[in-house]
Every structure is written in C-alpha cells, then in structure tokens.
Amino acid sequence: MTFTDQGFLRAVAEGLDPTPDPYMTRPTEWINYRLGESYWSKQAEICESVRDHRLTAVRSAHSTGKSHIAARIMGHWVDTHPIEETFVVSTAPSAPQVKAILWRYLKDIQRKADLGGYITEGEVPEWKIDGRLIAWGRKPQDLKTKEEAATAFQGIHAKYLLVILDEAGGIPEWLWTAVDSLVTQPTNRVLAIGNPDDPASHFEKICRPDSPWNKIKIAAQDTPAFTGERVSQEILDNLVSKEWVQERKWVWGEDSPLYISKVLAEFPLSTDDNLIQIDWINNAIARDFSGEALVDLGKFAMDVARGGRDEATLGFWRAGMFRMHWSMRGINDSMRLVGKLRTFCREHPAVKGIMDADGLGGPVLDRALEVGIPVSPFYNGRRAFEPKKYFNRRSEQWWFLRELFHDGLVDIDPDDDKLHAQLGSIKWWEDSLGRICVETKKDLRERGLPSPDRGDTLMMITSPMEEWVSAYTDPMTGLLRTPEHTLTSDLLDKDML
C-alpha cells in the first residue's frame, strides 16, 4: 500500500470517527488559547467539574464571576464538540437575566473566538451555525408548565447536550423536572449556578450534602482579594472586594439573610421566628403589579430619622406595589424632611399618607400638619386594635404586612437590597399572655442589625387611615377637610426652612 493510499484511508476513517478536538477535555486551556483570557481558581474548578461530572451545582457569593465563566463554558462546548451532536440550553428566572447577562457574554465570546454562525437577540435568543440551531435561551415564562417544557425540549436528543441554569435559586421546580428528563446520557451535562437566596428552593435541595450533584461553594472570602491568589488586575477589578464586604456587613448586618447568602454563600435559615419568610420576599421581588398600579392614586409613608446610621425614608404604595421615593441619612435638621415631603405632595396633590409620630417623628408630624400636608400619625407603641392578640400597634401592623406577603399581595423593588435585608431579619415571638410581639429597632440593634427604616415605611403604608380622618376633621364644623383643601391653604406657602 502506498503512502497516498494510507493517507486516503486515514482520512476516510477520521470522517467516520472524527478525531476529538484536542481542547475538548481542556476547557481552561481553550479559554487561554481561543480567547486569550485568564481565570481564577474557582472558575477553573467549575470548568473541570462540568468536564468530569454530569451534574454541577455552584452556590456563590455576589460578584465571583460565575455567569462570566458559564458563558465561556458554553462557547467551549460548542467549539470543541461535533456540531451535529451538540446542543446548549440556558435558562434563568427572567428575560433580562437570560439576555442581558449570560447571552451578552456569549455574544462577545462568539465574536472574540470567531466561533461562526450568528446569535439573535429576540425574546428567545438563539445561536445558529450553518443554518443549524445549536443553542437557545428560554425563561420559565416561555415554558409555563411541566408539559409545555417537555414539549419544548422534545427533539433535543443531542449526544453532547449542555444545560445552564443561571440564577438557579429562582428556577421553578417543574422546570428542574423537565431538565432531569432531558439529560439522560452520560455525555450530557447540567451546570446550575446562583446565589443561595432561597432556602425553600429546589436549588437548596441539590446543594445538600447527600445530593448526587457535584457541589462547589464560592464565598466572598474564597476570592483573590481575600486569599491573595495571584490574578490579573482585570480579574481582581471584576470580583468582590474587601471594601464591598465590609460595607455590606455595616448596611445589612452579619445576621441578615442577604449577608449570609451574598457574602458567605450559604442558604439562610428560614425559621419559625422569622416574621417574613425568605421565599415570600423572593416571590415579592419577582412579582409585577405595575399594571394595577397605573390606575391607583396610591399613598405614602415616611419614617423619620435624624443623624447617625438610620435613614429617613419616604415610600410610595400603589395597588400593592411599593417603591422607595427617596431616602436620606445624616440629616441634622428635621425641617428639611418637611420640605422634602411638601415637594412630594405638590407633585402628587391627591395622595394622602402616614408618618411615624413617636420620638423624633412627633415634631416633624406637627410641622407637616401645620403647613397642611395630608399626613396621618402612626404610633408604634399605642394600644393595638386587637389588644388580646397583639402587644402593640407596631406588632399588629407588622403582622398584617406578614399576611400580605404570605398571600402574594406585595410587589417590592428587586434592586432594593436594604429593604430585602430588613424584611428578612425581623423576628417575632409570643409573650406570657400569648400576644404577638415583633422586634423593635432596639432589639435589632442589640443583634448588630441596622434599624429597619425601609421596612417600617412599608409596614406603616399598609396601615388603615382612620388616624388621617381624625387628624383632618375640622374642629369648628366637624367636616373632613380634603387633601386638596389643605394643600392650597395659606400655610403651604409659608417659608418652612
């Protein structure tokens, strides 16, 4: 047999059984060679786990580069496996998390490594090479039930199937079930990554010691800023810093569920003495009442603070949707708060509100009423409407807010991590008379936690407005003065500062 014949036969054999890509089992080297990038040790551990294990779960602190490395794993997977036998599925709890994070990274990788094909940016991002669909990203809303998910996954029988579950704590259990039925071959892989926010999630179950998943934990203290691992300045700049951790300790408190999750990378305990359960808070973060809020005038609440660590806050409530309007720390002139409130009421002239009237709040309330602002007092320490059941009004109203969260009637700002931390930190108990007692600001400070100023604002804003009625009854006529009347009074035009 001639040399030419041997070469021909070898080529035919390779066509029938192609030689594996040399980087298929060397993902970190692929990142070096194809992207010209480096990585840090935990990112390398994730890459190697996906190579070696069918199921990988990564619970991580904030800003450890987990989504960054997941996108590179996707690029490596597509580039080094036979295209006819390869498919990648990604999902995350919401469309922005699917498109704006993982797939934005992936598009950069595709261009940087010249991986071919094109990536669309619609509601369902897709990657096609030579007309073949090789990857798509779906959010749970696209697959509302287990049956719909199973239908969407039908036909995906690739030998080299990779499933990425980003922000895994927010993935509903029925979608996990659909994924389980999809990855049946030993060459299939699943990577679940996320912050351990929700102790009631399926993500928590797969992170337990007895689960079959290969588990990786990345606490903030594992990152190069703390360990001294030598990495490039670019990597260091994109990872969590010591300064951020110290700041979160001060803002959230070390016992806060957010600190436990986003710094320590542990699932916070959701115990019976937590007033508002962590999964209720997460559900309220994911909820969207913006449509209902459009047709509701709403109401406001202000929690008064002066100087120090505490915040003075003004919140706005519309049809169950609560957002902070402003917050200020270190105020030494309480009349500035009246001025800020006056401006808000001019912008929303038909809106009434409520303000804490205990302590520092008393003088601010008096001045607000004097200048005609339609605000009702809330006295935390006053007698409860149901005194045999609740220790005081504060406990009673916090319990009412707890029930709103339990019943799915609250929508809170996903970006307001201070509010999330405060809501998840408050505890309750029953006293010797069987009355419900809710932690006070003093109780929280003794546990090293900040004052729940934003939480108190939300609590007060859900209070009934009968105090407002009594505050605005004209003593001469016995008639109720309207917000419009008080706002156009001569007092409103006086210099308040």
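Reply: Two strands are said to pair if DSSP finds at least two bridges between them; helices (H or I, at least four residues) and strands (E, at least two) are DSSP runs, numbered from the N terminus. This is a predicted model, in which local features need pLDDT of at least 70, side-chain atom pairs count only at pLDDT 80 or more, and totals for chains, interfaces and linings use all residues. Residues are numbered from 1 along each chain as its sequence is written, and side-chain values use heavy atoms, with hydrogens and water left out.

Me: In which sense do β2 and β5 pair, and over how many bridges?

Reply: Strand β5 covers residues 132-138. Within this pairing, Thr 91 stands opposite Arg 138 of β5. The sense is parallel, and the number of bridges is four.

Me: Which residue of β6 is the bridge partner of Val 88?

Reply: β2 also pairs with β6 (residues 160-165), in the parallel sense over six bridges. The partner of Val 88 there is Leu 162.

Me: How many residues of strand β2 are buried?

Reply: Buried means under 20% relative accessible area, exposed over 50%, and partly exposed in between (1.4 Å probe, protein chains only). On one side of β2, Thr 86, Val 88 and Ser 90 are buried, and on the other Phe 87, Val 89 and Thr 91 are buried. Strand β2 (residues 86-91) is therefore largely enclosed by the rest of the structure, the buried count being six of the six.

Me: Which residues of α4 make the contact with α3?

Reply: Contact means heavy atoms within 4.5 Å. From α3, the contact is made by Gln 43, Ile 46, Cys 47 and Val 50; from α4, by His 68, Ile 69, Ile 73 and Trp 77.
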